[in-house]
Amino acid sequence: MTPSRQGARSLDLRAVEARTQAIGHELFAAAKRRHAQLSVLNRWTRQVLSWSLQDPAAKVALLRFIDVLPGLPDDRAIARHLHDYFPTADLRLPAALRLGSSLAASRLLTPRAVAGVVRESVERVASQFIAPPHDAAIGRLIRRLASQGLTCSLDVLGEQVLTEAEADDYLQRYQRLLALLASSYDGLDGPLQPPSCGPAINLSIKPSALTPRFDPICPQRSLEQACRRLEPLLQHAGQVGALVNLDMEQCELRDLTLALARHLLVHSTAAARARLGLVVQAYLRDAEPSVDALLQWLAGHERALTVRLVKGAYWDFEVAQAARRHWPSPVYEDKADSDLAFERLTRRLLAADGLVTTAIASHNVRSVAHAMAAAEELGLAKDRLEFQLLYGMGEALQDAIRARGYPVRVYTPVGELIPGMAYLVRRLLENTANESFLRQDLLQERSVDELLAPPLPSGPPAARVPSSGLSEALVSVGEPPADFSREAQREAFAHALQAVQRRLGRRHPLWIGDGQASGASALEARNPANPQQVLGLVDQGGAEELERAVRSAQAAQASWARTSAQERAGWLRRAAALLREQRAELAAWEILEVGKTWREADMDVVEAVEYLEYYSAAMERLAPGRPLPQFPGERNLYRYQPRGVAAVIAPWNFPLAILTGMASAAQAAGNTVVQKPAERSSLAAWHLMRLLREAGLPPGVVQCVPGPGEEIGAALVAHPAVAQILFTGSRAVGLSIIAAASRVRPGQRWVKRVVAEMGGKNALIIDEDADLDAAIRGALHSAFGYGGQKCSAASRLIVHERVYDRVLARLAAAADRLVVGDPSDPATEIGPLIEASAQRRLREALAHAREAGSVAYAYPDARLPRDGYFVGPALAADLPPSDAVAREELFGPLLCVFRAEDFAQALELANDSDYALTGGVYSRSPAHLRLAIEAFDVGNLYLNRPITGALVGRQPFGGHRLSGLGTKAGGPDYLLQLLTPKTICTDTTTHGAPLDESGGG
C-alpha cells in the first residue's frame, strides 16, 4: 500500500478538525496555566517586540541598528550610529535606546558608557534567542533542556562563507559541536535521558555553508563540493548515532538541497550509518508536488528520511526577489494559504510514516493541534511524531506539548551574541510581521476561538499580483531572467548550445537595403575560449557597401518618420517577441563568440528585449508632444520630429543589449539606422538583424555593415547624410568621433548630434561599518563579473583602514576559489578575455603593478586553461593613486585596492578620476550614505549593492566627465537626444476675434 493511498483511506477530515479544536483548546489552557503568554520572553525582549509592533518606522531603524552593531569597531562608532539611526525624539524608543541616543547627542555621557548601555541592552534580546558557543555553556544548556524532558537541534550561526577556508572552519565548528553533544548526552543517566523521536543528538546545517558556491546553475559541481565537507561530518555522526538535518534556505536552493539529500542517501556510505534530515517549507506554492516526488523517490529507492516541516523563514526575501526579477512569487502571499498548505503537508507526511519521520516545527497552536489530531486519526504512536520550537520562544507551549506525551526538540542557534545579529534580525522580522502568531498573541488582538479557526483560502494568485507602485507617467518593462534553479531551464540552455555548435562554420552575408549582399571581405569569427574554433564567416563591408546602406537609409527616412509611433512600436515589439522566442540560442552565440558565462549571456538578451519594449512605450508617450500654456486667440503645440539617419557604433562586450538599445531608440524615434557592430561580435549582430527583418521592419529602416572601425566606423561618422551618431566604446574612439562629428562637410545640412558612452575607472568604497560579507561578494561581482570587461566594472576598491587588512585577505581568498574556464560550462564564473591583445595588456599591467606597488593576489597560471585568452583575477595594492594602472581603463580582472583613513578621504580618492560613470558604497552609516549621494560624482551610484547590472527603466545608465555626455540609456530622457522639438503657434482669430475650438468668441 502506498503512503498516499493509506492517507487518503485513513483520514476523516471532519474527525481531524473536531480533534484539532479539542486539542487546541486544551493546549491553550495548559500553556496559559504555565504563563500568560505562549512565549516566556524576558521583560526587555517583550518591550522591544511590543514597541516594534506599534511603530513601523522605529522597527526599521531598530533592526538596521541591530544589524550594524556587530560590525562597529569601537565605542565612539556605536555612539555615532546610535544617534544616526535614532536622531529625533519622534520615534517611540525603549527607554535605554532613547536615553542612549539623547546622551550620545548631548555628549553628557562618554561613548564608552553609551556603548556599554547599548551592548547590554542588545545582548539581553540576543540571549533570548541565541545560545552562547562556549563548551561549558552548551553542556549546561543540554542538561537543562534534558531536565525538562527536551532535546535540541544545534545550528551554528555565522554560516555565510565566501572562501574555502571559511567553509572548512564552519565544518570544524560542527565537528566540535557533534563531539560535545555526544559527550553531554552520554553523561546523562538513563532516567535523565529525554524522550526523542529519532536520535537525541541532532544538528542542523545549511548546505550553502559547506562550499563558497552552492549554485543551482552547476548542480554537479555544487554537490561534489558540499559532499566533500559533509562526508566527514556524517561519518562522525554515524559513530555517535546522530541525525544531521539539511536546512532549507531561499527557494532557488530548494531543488539543489533535495538533490544533495538524494545523492547522500544513495551514494554516501557515511549517510547510510548516520541519520539524515531535511526541511520542507510549506509557504512554497509547489511544496506539495515536491514532497510527493520526494516520497515517491524514497519508496522507489527504499530509503528513509526525517522531515522537519516549517512554514518558512524567508518570506520577505522571496517576495522581493521575485518582484525584482519579474518571476512569479514562489510563496503564498496570504498567511492562511501557508497555514492550509502546512496542514495538508502534515497529513501527507504523517500518512507516509515509515518513509519519513515527521517533525512539526511551529509555534502556531492550531498547527500543533492539527498534527496531533491527524496522528491520532492515523493511529501513530506518539514517539513517531516530534514537535520543534525555537529556542527562547516556546517554553509554555513546550510544557503543554510534553504533557500530552509527545517528544519536543528545541531548535537552538549557537553563536556569539553580538555577531549573531543577522539571525536575531530575521527572528525579529518574523515575530513582528503583520500576521505573525506572536504578534496576535502579544497584542491580544484575537481570541482563542479565532486563533483555532480553520484557515480560509485566499483568492487565486492572479488576483493577488502586487502593484509596482509606478505612476502612469513612467514606463516600466520587465523581462524575467532565466531561473537556473529549474532543471528545464538548464537543459534548454544546454540544448541551445549544442544546436548552435552543430551550425558552426557558415557564411553570414551583409544586410543592406531590402536583402542580403556579399561583402568586400569576410571575417573569421573565433571562440576566445578556443581560438582554433572557427564559429563562422561574417561578410565585411567596404566603401561601396557602406554608401549603399546609407543611401538606402536616407531613402527610407521620410516614410519611416511619417509612420506613427504606434506602428513603429508594433514592429519593435514583434522583434522583441522573436528575441524572446530564440533567447537561449542567442545567448549560446554570445557564450561562444564573446565568452560570456550563462547568466551574463542570458541577461544580455533580456536587456535587448527590454530596450525594444521600453523605447517603444516611451515613444508612444512622447508622440503627442508636451502641453503648453494656451491663451484666447492662439493655439500652441510642442511636438517632436526625428533627426534623420542614425549611425549606431556598438561595442562587443554587450553584443545584443547595447546594439539593440541604441538602434531601437533611434528607430522608435522615427530615425532610420545603419549599424556598425564591433568586429568581435559580428555574429551576434547578424542574428539580431535576422530577427529584425523577420519582424517585418521595412527595408532601409535598419541595416548592418560590419567592418573595421577605423574604416567603416570613421566613414559612417563623416558621411554627410548621417545626422546623428550613437556610440558606446573606448574613450579614445569616442573623443575622436566627437571631434570628427563637429566638422561640417559638403552636402551636410545639420550639426551632427553625438550620443557617446566612453567607459570608466569605477570606484567601490567599503566603509568601516560595512556588512563585509555583502561588500566582498559585491566587490567580486563588480570587479570580476565577465572578467571585468564592462565599462561599469569596479577597477578601484577603496577600503577604510580599520577593515582594510580583513577585506584584502578575505577578498584574495574569495577570488582564489573562482572558477576560470570555458564559459560553455555553467560552472565557469570567469571566461576568457576577448582577444590576445587584451590578454597581453592585462599581463603587462599586472607586471607593472608588481614593480610600482605590490600584487596582493594573482590567480595561479597553472589553473588557467591552456588554450584561449585567459587571465585570472588579481588584486594590486600599494599603488600610488596617480599610477597609470590606477587611472586608466584596463577592461580586465585587475582590481586596484587602496587604503583610506576615513570616509571623507575615501570619497576624495573615488572622485579623483577623469571618469564619472559608476561608483558604489558599502556602508551602514546613514550619514555617510547621505554624503555619498551628495558628493560622489558619478552617473550611477549604487549603495550596498554591486555597481554593475543596471536595469532598463529602473537604473538608467550613463556617465559624464570623460565617461560620456551625460545621457542615460534606458531612461526617460534618452529619446530626447534623438528627436528635434518643434513649436507650432496658430493664430485662431478671425478679424481680430478669437475663434477657438473650445467655442471662444
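Trainee: In which loop does Glu302 lie?

Mentor: Glu302 sits in the loop between helix H13 (287-301) and strand E5 (305-310). Those labels are DSSP runs numbered from the N terminus, with at least four residues (H or I) for a helix and at least two (E) for a strand. This is a predicted model, in which local features need pLDDT of at least 70, side-chain atom pairs count only at pLDDT 80 or more, and totals for chains, interfaces and linings use all residues. Residues are numbered from 1 along each chain as its sequence is written, and side-chain values use heavy atoms, with hydrogens and water left out.

Trainee: Why does Glu302 count as exposed?

Mentor: The cut-offs are relative accessible areas: buried is under 20%, exposed is over 50%, and partly exposed is in between, with a 1.4 Å probe and protein chains only. Glu302 has 70% relative accessibility, so it counts as exposed. Its phi is near 55 degrees, a positive value in a residue other than glycine.

Trainee: Where does Phe891 lie, and what is its phi?

Mentor: Phe891 is in the loop between helix H33 (884-887) and strand E24 (894-900). Its phi is positive, about 60 degrees, although Phe891 is not a glycine.

Trainee: Is Thr412 buried or exposed, and what makes it so?

Mentor: The relative accessible area of Thr412 is 0%, so it is buried. Thr412 belongs to strand E8 (residues 408-414). Contact means heavy atoms within 4.5 Å. Setting aside neighbours within four places in sequence, the contacts of Thr412 include Ala131, Leu141, Cys152 and Tyr391. Thr412 and Ser204 are 208 residues apart in sequence, with 9.1 Å between their C-alpha atoms.

Trainee: Why is strand E21 (residues 794-800) called largely enclosed?

Mentor: 7 of the 7 residues of E21 are buried, so the rest of the structure largely encloses this strand.

Trainee: Which strand pairs with E21 over 5 bridges?

Mentor: Strand E20 (residues 762-766) does, in the parallel sense. Two strands pair if DSSP finds at least two bridges between them, so 5 bridges qualify. One of these links is Leu764 with Leu797 in E21. E20 also pairs with strand E26 (residues 918-922), again in the parallel sense, over 4 bridges. There, Ala763 has Gly919 in E26 as its bridge partner.

Trainee: What is the strand order of the open sheet of 7 strands, and why do two of its strands stand at the edges?

Mentor: The order is E22-E23-E24-E21-E20-E26-E27, with mixed pairing. Strand E22 (854-858) and strand E27 (940-943) each have a single partner strand, so one side of each is left without a neighbour in the sheet. The twist averages 20 degrees from one strand to the next. Angles run from 0 to 180 degrees between N-to-C directions, and axes are lines fitted to C-alpha atoms, for helices over the stretch in contact. Helix H30 (residues 772-784) packs on this sheet, touching E20, E21, strand E23 (874-877), E24 and E26, and its direction makes about 170 degrees with that of E20. Helix H31 (residues 801-816) also packs on the sheet, touching E20, E21, E22, E23 and E24, at about 140 degrees to the direction of E21.

Trainee: Which strands are at the edges of the open sheet of 3 strands?

Mentor: The order is E9-E13-E12, with mixed pairing. E12 runs antiparallel to strand E13 (residues 530-540), joined by 7 bridges. Ser521 has Gln540 in E13 as its bridge partner. Helix H27 (residues 682-694) packs on this sheet, touching E9, E12 and E13, and its direction makes about 45 degrees with that of E13.

Trainee: Why are H9 and H10 described by a word for their direction?

Mentor: The axes of helix H9 (residues 164-186) and helix H10 (residues 219-240) come within 10 Å and cross at roughly 10 degrees. Angles under 35 degrees count as roughly parallel, over 145 as roughly antiparallel, 65 to 115 as roughly perpendicular, and the rest as oblique. H9 and H10 are therefore roughly parallel to each other. Among the residues that meet are Leu171 and Tyr174 in H9, and Arg228 and Leu233 in H10.
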